[in-house]
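Here is a short report for a reader who is new to this structure. Look at the model first, then read on.

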Amino acid sequence: MNRDDLVQSCSVCVRHCRLNDGETGFCGARKNIEGRILSVGYGKLTFMTLEEIERRPLRMYLPGNKILTVGSFGCDYLCPWCQNHVISRADEKTARWKYISPEQLVRTALKMKKKGNIGIAYSFNEPLVNWEYVRDAARLASAKGLKNVLVTNGSAEIRVLERIIRYFDAMNIDLKCFSEEKYRALGGELEDVKRFIERASDKCHVEVSTLIVPGWNDSEEEMEAMSDWLSWISYTIPLHVTRYFPGYQMNEPPTSEQKIQELAATARKNLQNVFVENC
């Protein structure tokens, strides 16, 4: 077989990385292996912790409970302020991981019920770059009566969402800004994320998070447009207006608490449930 015949386009996220045989995609978690785009992060977990569900953040889904939260490595975005860049920009060679099968993960989650655990949250990096593992673990967890929570940037293709959504009870989805140009600078597409939020909201509990970065997405006009659009999905959809702190490649001072409160007030003109985070 000609090597050129093995070139494949990844269909998991909107980047559609075109990979030669042996190449790994931008996310660091998917690779062309003999003409097939496969997950190389399947079951390779970098974090596992039992924490309050509000930390995901989910304020209006079973508050007061704890959830086993896990992460792997890889992400399809390049956010200069990423707080989890050690794993989001890692691959299987640079990340420190331990293989945990879906069955092992579910057994661990069940054992932690005595500590107040209600299920499994897939978070920290972008979980859907390894969507097959998320699907398999969530399916087993759901069959055992555990809750499944997804924390995602919402840039996976809708066909990926359709493969997993039946197993999920709640999601927190990042809506990073409300500008096509800014989204493309990170590696995404605003309209794709909007479609993801709309579809997920039809099937499970959804809360939305927006990190407010000074000089980037902190205008009242942008918050007005964003919250107005969200209100068309539901006036009650929760929005988390989150304060930025320096990290990774960005050393700008933190967003002022006053600015966060002002933007939250703007959002409350359109939405009933607006929460301030990191203040």
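## Strands at the centre

S9 and S10 run parallel and are joined by four bridges. Two strands pair if DSSP finds at least two bridges between them. Helices (H or I, at least four residues) and strands (E, at least two) are DSSP runs, numbered from the N terminus. This is a predicted model: local features need pLDDT of at least 70, side-chain atom pairs count only at pLDDT 80 or more, and totals for chains, interfaces and linings use all residues. Residues are numbered from 1 along each chain as its sequence is written, and side-chain values use heavy atoms, with hydrogens and water left out.

Why is S9 largely enclosed by the rest of the structure? Six of its six residues are buried, so the rest of the structure largely encloses S9. Buried means under 20% relative accessible area, exposed over 50%, and partly exposed in between (1.4 Å probe, protein chains only).

S13 gives a like picture. Five of the five residues of S13 are buried, so S13 too is largely enclosed by the rest of the structure. Leu-239, Val-241 and Arg-243 point one way from the strand, while His-240 and Thr-242 point the other way. S12 and S13 run parallel, joined by five bridges. Ser-209 is set opposite His-240 of S13.

## The cores

A nonpolar core is a set of buried Ala, Val, Leu, Ile, Met, Phe, Trp, Tyr and Cys residues joined through side-chain atoms within 4.5 Å. The largest one has 69 residues. Those with the most contacts inside it are Leu-105, Tyr-122, Phe-168, Met-171, Leu-175, Leu-230 and Val-241. Helix H3 (residues 131-143) gives the most to this core, with six residues. A second, separate core has nine residues, including Ile-53, Leu-58, Tyr-61 and Ala-121.

What does Tyr-122 touch, leaving aside its neighbours within four places in sequence? Contact means heavy atoms within 4.5 Å. Among the partners of Tyr-122 are Val-70, Leu-105, Val-134, Leu-150 and Phe-168.

## The largest pocket

Rolling a probe the size of a water molecule over the atoms shows where empty space is left. On a 1 Å grid over the protein atoms alone, a pocket is an open set of points where a 1.4 Å probe fits, with protein on both sides within 12 Å along at least five of seven lines; lining residues have an atom within 4 Å of a point. Grid points are joined across faces, edges and corners, and a volume is the space filled by probe spheres set on the points.

The largest pocket holds about 1,000 Å³ of space. Its lining has 36 residues. Arg-56, Gln-83, Asn-84, Val-151 and Asp-174 lie nearest the centre. The lining divides into 14 nonpolar, 13 polar and nine charged residues. Here Ala, Val, Leu, Ile, Met, Phe, Trp, Tyr, Cys and Pro count as nonpolar, Asp, Glu, Lys and Arg as charged, and the others, Gly among them, as polar.

Strands S10 (147-152), S11 (170-174), S12 (205-212) and S13 (239-243) each supply at least two lining residues. S12 gives the most, with three.

| Residue | Relative accessibility | Class |
|---|---|---|
| Lys-115 | 55% | exposed |
| Arg-199 | 25% | partly exposed |
| Glu-34 | 65% | exposed |
| Asn-278 | 44% | partly exposed |

Lys-115 sits in the loop between helix H2 (102-111) and strand S9 (117-122). Leaving aside its neighbours within four places in sequence, Lys-115 is in contact with Leu-50 and Lys-66. Arg-199 belongs to helix H6 (residues 190-203). Arg-199 and Ile-158 are 41 residues apart in sequence and 8.2 Å apart in space, C-alpha to C-alpha.

## Backbone exceptions

Most residues other than glycine have a negative phi, and most peptide bonds are trans. Glu-34, not a glycine, has a positive phi of about 55°. Glu-34 lies in the loop between strand S3 (30-33) and strand S4 (36-39). Asn-278 also has a positive phi, near 70°. Arg-56 and Pro-57 are joined by a cis peptide bond, with omega about -10°.
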